[in-house]
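User: I have a structure open and want to go through it with you. Can you start with the terms?

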Amino acid sequence: MTVEVSQAFGFKVVCPGPDFAMLAKTVLSLGLWLQFAAGQNTPARGPQPSISNSEGDLLFLLDSSGSVSYYEFSRVKEFMWDLVQPFSFGPKDVQTSIIHISTTPTMEFPFDRYLSSGTLQQAIRDTQQLMGDTNTGKALSYAKEKFFSDEAGARPDVPKVLVWVTDGFSTDDISEPMQLLKDMGVTVFIVSTGRGNYLELSAAASQPPEKHLHFVDVDDLPIITKELRDAILDVIQANRLHAVDITSSSFRLMWPKLLSEETGYYTLEYAPIDDLARKRTKQVSGAHTSLMLSNLAPETTYEVALIPESNVHYFPPQTTRVTTLAEEISPAQVLISESGPHSFHVSWAPTLDSVIGYQILYGPLPGNSVKLLEVDGKHNSTVVENLAPNTTYLVTVTAIYKSGKEKSLSAKACTQEEGSRVRHLRFEDMGPNTLKASWDSADGKVLGYRVRCRRQTGPSSVISVSPQIHSVLLTDLASGTTNKVCVKPMYKNQPGKGLCRMVHMQPGELGCRAESWGTSAKGKCPEGH
């Protein structure tokens, strides 16, 4: 089987090999039919690592209408269980419910009914498709009521997450009820197994869409399970100890307010999970709810424990694991710009806190002469001056890291010819809608000229001529329009500086009027035209 994963427009599209897809669906359909005949509506998956320290109400909005096939409905139920299987369920952990999208929305079971993995798995297996219309808007309005209802087992002051699994079709409007849900603090994830309207669904999902919206074939739902589960965890762990602003060498820990400055303090312990003997400890006052940990190793998972030390109540420790990012590399790109006969501008990216400075080495090609510039680590650009005209230079930017490491990246830069600019661009009226553009030759070894005409109406045009030719005819210049004409000399290494003028085609027999681009100087077409 060949599986290709492509990304476009910020959402994910999963495409199995075309020859395999039909066979796979047939085999899976037969397997599911046999399992259902044996009374096993959803095949069980292997055990997943348990996830604790999470608290939230998770609601599945399940397309149970007649537009979804029995096979698709069964695969979605399997996906739902795979998604929540690792969670810990209970009144202080995760609670789950299902609302059917049909002619009339229906809640399969309230949030607080199934508080163990076994009972919830069986409840998902026993969920039956209702058929009917795809009234998603009604279901969303119904979900808004249940998300904040004591009767539905919902809890106040816990994160609310909606996972809408859809084939992309709805018979009523979803925008208003979905916006109301998001305005009330609900985080919305959308999984489209059909050909849904991307613009509509990306507006419906929480932002950014690349994190909250997935387009995937129903047979490939397992591909997105872990990514979606991790995104949900980012939401429901927000009221527990968790990390934000994670970099290659630091992250910020955040936790709910449990103490005050008068009632105690917090002890934070952290160490790499593969070397717990390197445990480090920090203490902060009870007024704090965050702490930045720095000078960490890249691509390393840390075990972190928050221990509230209260003189009033006992608070259990909270733990989490955080993995630092791979070390960023600078420079990742070098850009040469603003080239002149004797100078050019060098810039690079990204700028990193771990870099203390940059060295810029430059010299002509070919040759062995090299000069050095040094730049502070907080800057990402400099100007290289006192260069020879019409010369190619090799520029190497080297980042010096605090750790002593160095990283280099090179680029070629070309200086321009002396006086490499066209002079005295002028125009002559040659009849209806036609002008003759003429210019004086540029200095140096010109290989030719490039004339670009950007018409106010109609397509732009580019004309290339030999170095001996200093004029061209420009046609199709509509009466009453203003057009931009630029002439640029071409050299061996790079183009020279262009000269541009705006030309207004006067209506009737009045001819044309021109002015220099970017200056206050104005001129008219030759007299008599």
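Analyst: Buried means under 20% relative accessible area, exposed over 50%, and partly exposed in between, with a 1.4 Å probe and protein chains only. This is a predicted model, where local features need pLDDT of at least 70, side-chain atom pairs count only at pLDDT 80 or more, and totals for chains, interfaces and linings use all residues. Residues are numbered from 1 along each chain as its sequence is written, and side-chain values use heavy atoms, with hydrogens and water left out.

User: Is Cys-453 buried or exposed?

Analyst: Cys-453 counts as buried because its relative accessibility is 0%.

User: What about Cys-414, buried or exposed?

Analyst: Cys-414 has 17% relative accessibility, so Cys-414 counts as buried.

User: How many disulfides does the structure hold?

Analyst: It holds 1 disulfide, meaning a pair of cysteine sulfur atoms within 2.5 Å. Cys-486 and Cys-500 form it, with their sulfur atoms 2.0 Å apart.

User: Which parts does the pair tie together?

Analyst: Cys-486 is in strand 28 (residues 482-490) and Cys-500 is in strand 29 (residues 499-505), so the pair joins parts 14 residues apart in sequence. Helices (H or I, at least four residues) and strands (E, at least two) are DSSP runs, numbered from the N terminus.

User: And where does that leave Cys-453?

Analyst: Cys-453 is in no disulfide. The nearest cysteine sulfur belongs to Cys-486, 9.2 Å away.

User: Which hand does the link of Cys-486 and Cys-500 have?

Analyst: Right-handed, with 115 degrees about the S-S bond. Both Cys-486 and Cys-500 are buried.

User: New topic. Where is Ile-360 found?

Analyst: Ile-360 sits in strand 18 (residues 355-364). With 0% relative accessibility, Ile-360 counts as buried.

User: What is Ile-360 in contact with?

Analyst: Leaving aside neighbours within four places in sequence, its contacts include Trp-348, Leu-373, Val-395 and Thr-396. Contact means heavy atoms within 4.5 Å. Thr-396 is 36 residues from Ile-360 in sequence, but their C-alpha atoms are 5.7 Å apart.

User: Now helices. At what angle do helix 2 and helix 8 pack?

Analyst: Helix 2 (residues 70-84) and helix 8 (residues 221-236) pack at about 40 degrees, with axes 9 Å apart. Axes are lines fitted to C-alpha atoms, for helices over the stretch in contact, and angles run from 0 to 180 degrees between N-to-C directions.

User: Which residues of helix 2 and helix 8 make the contact?

Analyst: From helix 2, Arg-75, Val-76, Phe-79, Asp-82 and Leu-83. Helix 8 brings several, including Leu-221, Ile-224 and Arg-229.
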